[in-house]
Each structure stands twice: as C-alpha cells, then as structure tokens.
Amino acid sequence: MRKVVTGDQVAQIYNRDPLAFPVWRAPVYRTPGWIIAIAQLCRFLYWLARLIIRHPVVSLVLAVLGFTWSATGWLGVTLLVVWSVLVLVGWRVLWPVSFARRAASPARSRARAWRYRRRWASVMTISGLAPWYQGRIILPVLGKVSATRYVDRVRVRLVSGQSPGDFARRAENLAHGFGATLCRVRTSRSGAVLLEFVRRDALAAIVRPAPMPASPDLRALEVGRREDGLPWLVRLHGTHVLVAGATGAGKASLLWSLVRAMFPLMQQGLVRVLAADPKLMELAFGRAIFDRYGAYAADPGAVVAMLEQAVAHMQARAETFAGYQRDHTPTVEHPFTVVLVDEVAFLTAYQPDRKLRERVMNSLATLTTQGRAVGYCVVAALQDPRKDVLAIRNLFPDRIAMRLDEPEQVDMVLGDGARDRGAACELISADPATGAGVAFVRTESDPDPVRVRAGWVADHDILTLASYCRDDPEPLDDTAPLAIEAAA
C-alpha cells in the first residue's frame with residue numbers, strides 16, 4: 001500500500017522559480033521554553049545524584065563544610081578543618097594499620113584511578129590495544145584500581161577477541177604511557193587481565209629481618225618483603241620449597257630467615273630442623289641451633305645417614321597416623337620436621353661416590369613424595385637448576401628463583417612461561433646492596449611469579465640465636481627486630 005503524504009506532515013520549501021522541482025522537508029515545531037527548562041533541570045538533578053552516589057565521602061564533607069560556613073562563618077570552618085586534621089594525625093599515629101586500610105589505601109586508590117581514567121583512551125589507542133571495528137574505536141574497559149605505596153593493580157575487561165598476550169606484548173608501552181617503571185600482566189579471569197604497575201621499587205634497600213612472633217604460623221612465615229610493600233610470607237607446612245640462585249644471590253639469608261622465623265616453635269619442641277651443610281660454611285655458623293633442636297651433618301656419609309633416618313621416622317609416623325588422621329598438626333610427640341639442604345647439587349650431581357648419590361636421591365624423592373601429609377618439609381638450595389643436577393625438582397610445589405646466570409634457567413626453576421610473565425631473574429643486580437636476597441616466587445596456588453626480597457640476617461643475628469641454645473634456654477621474648485650490622 002502506498003503511503004499518503006499530507007500537508008500536515010511536510011511543507012514545501014519556498015522557491016521563486018516556478019519551474020524548479022519541489023523540495024519537501026519536515027515541519028518545524030518550536031518547543032516552549034518552560035519544557036526546555038524542566039528538561040535541563042532534570043538533567044542537572046540526575047548528574048548531581050549520580051555525583052553524590054559515586055563520591056559519597058566528598059559530598060558529605062562538602063555538605064558539612066557548607067552547613068558550618070552558613071551557620072558560623074569562616075571561623076567555624078577553620079576550626080572544623082583543624083580538628084579533622086588532628087583526628088587524622090592521631091589515627092595515623094595510634095592505629096597505623098587501621099588508618100592505612102580504612103583511609104590511606106582507599107584515598108590513594110581513588111586518586112590513582114582518576115589518573116588512569118584520564119589517560120586511558122589515549123594510551124590504549126596509541127599502544128594499539130583499542131581495535132577499530134565497524135567505523136569506531138572500541139576501548140578495553142577500565143575496572144577497579146587498587147594502589148599501595150609502590151604498586152598499582154588495575155583490572156581490565158578485554159575487548160572481544162583480545163587475549164592477555166596482546167597486553168603482555170605491549171607491557172613496555174603501558175608502563176611508559178602511565179608513568180610507571182614496570183608493567184606486569186597477570187591473568188585474572190576469562191575475558192579480563194590484571195595489570196600491575198610498579199611505581200617505586202620497595203626492594204631497592206636492604207630489608208631488615210622481621211620480628212619473631214610469639215606463635216609463628218608455619219603456613220605463613222614472614223621472611224622479607226614483597227614488591228608491593230607487603231610482608232613476604234613463606235609456607236612450609238604442607239609443601240616443599242626449592243631455592244635456586246647463583247653464587248652471592250642471597251640464598252643464605254633466606255635459609256636463615258626461615259630458621260629465625262621458626263625459632264620460637266623450635267624452643268617449644270614443635271619444630272625440628274635437620275640441616276645438611278656439605279659446604280661447611282653457611283649453616284655451620286649456627287650449628288648450635290641445629291644440634292639442640294634437630295640435627296646437623298656436613299660429611300656426605302653423615303648427610304646420607306641423617307636423610308635415611310628421617311625417611312625411617314617419616315614412614316613410622318605414617319604408620320601411626322594411618323586410619324586415624326590425614327593432616328599433621330605439630331606436637332611435641334610428632335613435631336614438624338624441616339629437612340634443610342644447602343647446595344643440594346653437591347650431593348645429587350657432583351658427589352663422586354655413585355652409591356652415595358643414589359642414596360641421597362632416593363631419600364629426597366621419598367621425603368618429597370610422602371612427607372607433606374605427615375609433617376615433613378624439604379627446603380633445598382642449589383646454584384645450577386638443570387635437570388641433570390636435580391632430577392626431582394618437579395616434586396617441589398613452591399619454588400624461589402634468585403639471581404640466575406641465564407634467561408633459560410628461569411623457566412627451569414619456576415616453570416614454563418615464568419619469564420614471559422615478568423620473572424627476569426637474570427637481570428637482578430649482582431651488587432649485594434641492591435640485589436642480594438631479591439627473588440621471584442612461584443607457589444603451588446599462584447602460577448604468576450611475585451618479586452620479593454629476603455631479610456638480611458647478619459652474623460650478629462645468627463650468633464644471638466645460637467646463644468639461646470648454648471645457655472639454659474628461656475622462651476625468647478622478641479619484641480623488636482634483632483640488631484643488624486651497619487654495613488651490608
């Protein structure tokens with residue numbers, strides 16, 4: 001059916017030429033001014049309500065200041081501001097943890113989010129992460145921003161068809177675009193990524209050893225600091241730990257940090273440490289600790305005997321637990337046992353006696369495959385992470401890679417793809433002041449490597465711990481960190 005056009009719907013444009021072809025247009029309706037005023041008022045009220053909902057704290061502060069000014073004038077506003085500042089300062093001094101969680105962190109995150117939101121479109125477009133589709137640019141969606149003093153974590157929802165690898169290839173562009181020193185791309189969930197922007201290096205200076213708690217948690221022993229400024233917590237109960245690093249990388253500091261963190265439990269008889277020290281250098285300095293709260297062995301034959309005895313005790317404990325319990329809880333009768341092996345490659349690869357090598361490998365393999373459930377943990381340190389040096393490295397769920405000599409060694413220690421996720425262990429500085437103790441950690445529960453630095457345990461700290469073992473032992477009341485020598 002043909003549509004009929006009437007004169008009420010269209011109007012002919014006036015033209016003086018009688019022979020010109022008629023041109024039609026829609027009629028013009030003039031909206032009354034009061035309707036325009038109501039529409040603009042509604043738009044303003046909607047914008048104001050949205051602003052109040054999105055920024056409730058700022059809105060409340062402005063409302064209180066406005067009411068105070070109208071009631072008391074500038075004097076009342078000044079007194080209110082001074083009083084608020086004093087309250088915040090007192091909160092910061094008396095309850096720093098609560099202040100950081102409730103006030104400082106949210107304020108910092110909002111400020112950083114505004115900075116990312118302002119630059120988001122330009123950086124995404126220039127770096128090639130905003131595709132052109134059907135005549136328009138589609139931007140990845142900027143999500144929640146959480147910031148610490150050192151690191152910003154930005155959640156991003158990907159455009160359909162993008163992958164985390166696209167962002168990983170543009171990590172350097174993103175770091176420079178947002179004014180960060182480094183950008184790492186973490187896999188968040190399907191269709192999203194987590195960008196970590198490192199603004200300041202929290203690990204540039206030597207890290208002091210953490211105070212020893214009265215009741216340490218074997219699933220979260222504080223041994224240093226993470227890149228985001230938070231404490232570095234290492235789990236020993238229910239896992240095994242492999243530590244790899246070149247000479248001078250700081251493996252000794254990490255091993256002694258673990259011993260120091262467990263020392264109160266060692267005094268209570270809940271933890272035993274079996275120390276194997278084939279180099280006769282690192283662990284021998286505090287041998288009194290192991291002689292009193294465990295065992296110490298340096299000769300290869302003595303090390304093999306100690307490991308085989310640990311296997312026998314482990315299997316006997318398993319027979320005791322069989323049918324009664326599946327998880328281990330440290331007790332005086334059945335303490336948590338840590339097998340601490342420094343430079344395990346000397347025992348598994350460089351030992352000239354083939355029979356000793358085989359016995360060591362058999363003992364370590366048995367401990368790492370059967371010891372987790374009955375309260376046994378193996379912590380092994382080595383310099384060369386190749387497979388022919390330690391064939392059972394895949395039996396260690398948690399791995400720590402310090403400074404390494406070659407880029408290929410990173411994936412040998414932390415697993416395939418670790419270096420592509422940012423674990424550049426070969427770039428860690430060889431200068432002890434800036435690189436000793438710096439490492440990348442990959443745990444069983446988190447495949448993404450995290451940059452950390454172990455606390456530097458000086459000779460004085462080790463001798464102080466050993467002194468508690470040579471004298472009549474008393475419960476160690478450590479309310480402050482042990483002293484650190486002035487020079488690193």
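In this tour, Ala, Val, Leu, Ile, Met, Phe, Trp, Tyr, Cys and Pro count as nonpolar, Asp, Glu, Lys and Arg as charged, and the others, Gly among them, as polar. The model on display is predicted.

**First stop: the second largest pocket**

Select Ala 100, Arg 149, Gly 229, Leu 230 and Pro 231, which are the closest to the centre of the second largest pocket among the 26 residues that line it. The space inside is about 760 Å³. Its lining consists of 15 nonpolar, four polar and seven charged residues. Next, display α4 and β9 (221–226), each of which supplies at least two lining residues. The greatest contribution to this lining, seven residues, comes from α4.

**Second stop: the largest pocket**

Keep α4 selected, for this helix also gives the most to the lining of the largest pocket, with 10 residues. The volume of the largest pocket is about 980 Å³. To find its centre, select Val 57, Val 58, Val 61, Ala 107 and Arg 110, the closest to it of the 29 lining residues. By class, the lining holds 19 nonpolar, five polar and five charged residues.

Move to residues 354–370, the 17 residues of helix α11. From first C-alpha to last, α11 reaches 24 Å, close to the 24 Å expected. At its N-terminal end, select Asp 353, which caps the helix with a side-chain oxygen 3.1 Å from the backbone nitrogen of Lys 355. Then highlight the buried residues of α11, including Leu 356, Val 360, Leu 364 and Leu 367. Among the elements that cover the buried residues are α9 (300–321) and β15 (376–382).

Notes:
Residues are numbered from 1 along each chain as its sequence is written. This is a predicted model: local features need pLDDT of at least 70, side-chain atom pairs count only at pLDDT 80 or more; totals for chains, interfaces and linings use all residues. Side-chain values use heavy atoms; hydrogens and water are left out. Helices (H or I, at least four residues) and strands (E, at least two) are DSSP runs, numbered from the N terminus. The expected span of a helix is 1.5 Å times one less than its number of residues. Buried means under 20% relative accessible area, exposed over 50%, partly exposed in between (1.4 Å probe, protein chains only). Contact means heavy atoms within 4.5 Å. A polar contact is a pair of N or O atoms within 3.5 Å; within protein, one must be able to donate a hydrogen and the other to accept it, and residues adjacent in sequence count only if both atoms are side-chain atoms. On a 1 Å grid over the protein atoms alone, a cavity is a set of points where a 1.4 Å probe fits but cannot get out, and a pocket is an open set with protein on both sides within 12 Å along at least five of seven lines; lining residues have an atom within 4 Å of a point. Grid points are joined across faces, edges and corners, and a volume is the space filled by probe spheres set on the points.
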